[in-house]
Amino acid sequence: MPRNRLLIKKEIDAYAEVLLEMGESNDSVYSISAQLEEMKKVVNMHPGLREVLANDSIDENTRVTVMHEVFKEFDVELIKFVIFMAERRDIALLPRVAERYDQMVQDKFDVAILDVATVIPLDDELREKIKNKFAAQFGKEIVLREHVDAWLLGGMNVRANGRRVDCCTATRIERIRAELSSVSTGGER
Amino acid sequence: MKAQFKKFATRGTAACALASAMAFAAPTLAFAAERETAGISAILPAMDEFIPMLVAFLILLAILVKFGWPMFNGILEKRETTIREALEKSEQARIESERVLAEYQDKLIEARQEAATIISEAKQQAEAQRAATTAKAQEEAEKIIAKAREAMESEKTAAIAELQASVADIACAAMARVVQEDFSDADHRRLIEKSIEEIGTLNA
């Protein structure tokens with residue numbers, strides 16, 4: 001049944017606020033942010049998982065077990081929260097809840113959350129360089145959410161506030177491939 | 001003509017009478033010769049024979065004029081009528097035949113003209129048809145050639161593009177493989193540092 005946009009926005013705000021309270025009480029505000037980001041990706045990529053989460057005929061313990069299996073390292077409270085959303089048939093709102101949560105965290109703690117994807121894990125020196133680079137741009141403390149992605153081949157991707165800068169080697173190679181494919185032979189037409 | 005015929009008949013009758021008289025006289029002359037008379041009397045008939053013969057002749061002539069001549073004249077008139085009618089009929093037939101001939105010739109001329117017109121029109125139509133067919137065939141041939149050229153160009157372009165894409169794919173796959181397999185963590189670190197230096201602004 002279609003719902004009013006304002007009601008949905010209020011619902012998203014409520015979910016995000018609950019998560020923020022949960023993060024503050026557990027001192028895991030940024031950890032929840034990173035885990036939400038990963039959950040969002042995984043749930044988006046696996047419709048079957050979304051179906052299991054939203055299926056009332058599967059009891060809660062089973063769903064919790066499935067989620068634990070999928071998200072072994074993740075916070076138990078967060079997993080229960082996501083199952084709760086699924087029971088209310090709101091699992092589709094997860095990306096927007098994660099986005100709203102990040103926004104609330106950034107506003108409340110005056111920080112900028114950056115998603116940084118690299119082929120190898122970042123060391124402290126690289127983290128510091130990245131933070132310094134973007135602190136100047138945002139005028140805020142930078143919080144990094146790190147992702148290791150072998151598909152990048154090299155370099156890194158950075159995303160913040162819905163904007164993304166792609167400096168990975170895979171993209172560069174793809175650009176080279178596109179250029180090579182589109183080069184005119186210059187012969188007789 | 002009738003008058004001429006009558007004149008001719010009258011002369012004929014006279015000649016006939018003379019001949020009859022001579023016929024009657026001839027035996028008398030023969031008899032006279034037999035008597036061996038001499039002088040003019042040798043050629044003159046004897047009156048005792050001549051008069052009865054003349055009377056007989058006149059009677060015969062009168063009979064012929066009275067009965068023979070009308071019959072003869074009737075036959076001639078009938079014959080004349082028949083001939084005239086035949087001539088008239090033949091004249092009418094001739095006129096009719098001339099009329100029919102003229103009509104036939106007119107129709108023939110008309111038919112020839114019509115035939116010539118039909119042939120001319122048929123030739124024109126055939127020529128127009130031939131020209132149209134030739135033009136259409138030429139047009140279709142040009143279209144086919146143009147399509148074939150387009151198809152050839154398209155296939156050539158597609159083949160070149162495919163070849164380029166394949167070369168690009170192979171080259172990029174090789175590059176990716178080199179990066180994946182040969183790059184050490186230190187290399188990746190350098191790449192990340194380079195990216196940090198080159199990266200643009202996120203807070204536009």
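The following legends describe close-up views of a predicted model with chains A and B. Local features are limited to pLDDT of at least 70 and side-chain atom pairs to pLDDT 80 or more, whereas totals for chains, interfaces and linings use all residues. Residues are numbered from 1 along each chain as its sequence is written, and chains are lettered from A in the order in which they are written.

**View 1. The four-stranded sheet of chain A.** The strands form an open sheet in the order S2-S1-S3-S4, with mixed pairing; strands (E, at least two residues) and helices (H or I, at least four residues) are DSSP runs numbered from the N terminus. Two strands pair if DSSP finds at least two bridges between them. From one strand to the next, the twist averages 20°; angles run from 0 to 180 degrees between N-to-C directions, and axes are lines fitted to C-alpha atoms, for helices over the stretch in contact. Helix H7 (residues 124-138) of chain A lies across S1 and S2 of chain A and runs at about 130° to S2(A).

**View 2. Strand S3(A) and its partners.** In S3(A), 5 of the 6 residues are buried, so the strand is largely enclosed by the rest of the structure; a residue is buried if 20 or more other C-beta atoms lie within 10 Å of its own, exposed if 12 or fewer, and partly exposed in between, with C-beta atoms placed from the backbone. Strand S1 (residues 111-118) of chain A pairs with S3(A) in the antiparallel sense over 4 bridges. S3(A) is also joined to strand S4 (residues 163-168) of chain A by 6 bridges, and these two strands run antiparallel. Arg159(A) in S3(A) stands opposite Asp115(A) and also opposite Arg164(A) in S4(A). Gly155(A) has Cys168(A) in S4(A) as its bridge partner. The hairpin of S3(A) and S4(A) has 2 residues between the strands, and Asn161(A) in the turn has a positive phi of about 50°.

**View 3. Two loop residues with positive phi.** Arg89(A), although not a glycine, has a positive phi of about 60°. Arg89(A) is located in the loop between helix H5 (76-87) and H6 of chain A and is exposed, with 12 other C-beta atoms within 10 Å. Leu153(A) is likewise not a glycine and has a positive phi of about 70°. The loop between strand S2 (141-148) and strand S3 (155-160) of chain A holds Leu153(A), which counts as buried with 23 C-beta neighbours inside 10 Å.

**View 4. Packing of helices H2 and H6 in chain A.** The axes of H2 (residues 29-45) and H6 (residues 94-109) of chain A come within 9 Å and cross at roughly 160°. H2(A) and H6(A) are therefore roughly antiparallel, a term for angles over 145 degrees. Residues of H2(A), including Leu36(A), Met39(A) and Val43(A), meet residues of H6(A), including Ala98(A), Tyr101(A) and Val105(A); contact requires C-beta atoms, placed from the backbone, within 7 Å. The residues of this contact divide into 9 nonpolar, 2 polar and 3 charged; Ala, Val, Leu, Ile, Met, Phe, Trp, Tyr, Cys and Pro count as nonpolar, Asp, Glu, Lys and Arg as charged, and the others, Gly among them, as polar.

**View 5. The contact between chains A and B.** Here 28 residues of chain B are in contact with 27 residues of chain A. On the side of chain B that touches chain A, H2(B) gives the most, with 12 residues.

Methods. Angles under 35 degrees count as roughly parallel, over 145 as roughly antiparallel, 65 to 115 as roughly perpendicular and the rest as oblique. Two residues are in contact if their C-beta atoms, placed from the backbone, lie within 7 Å.
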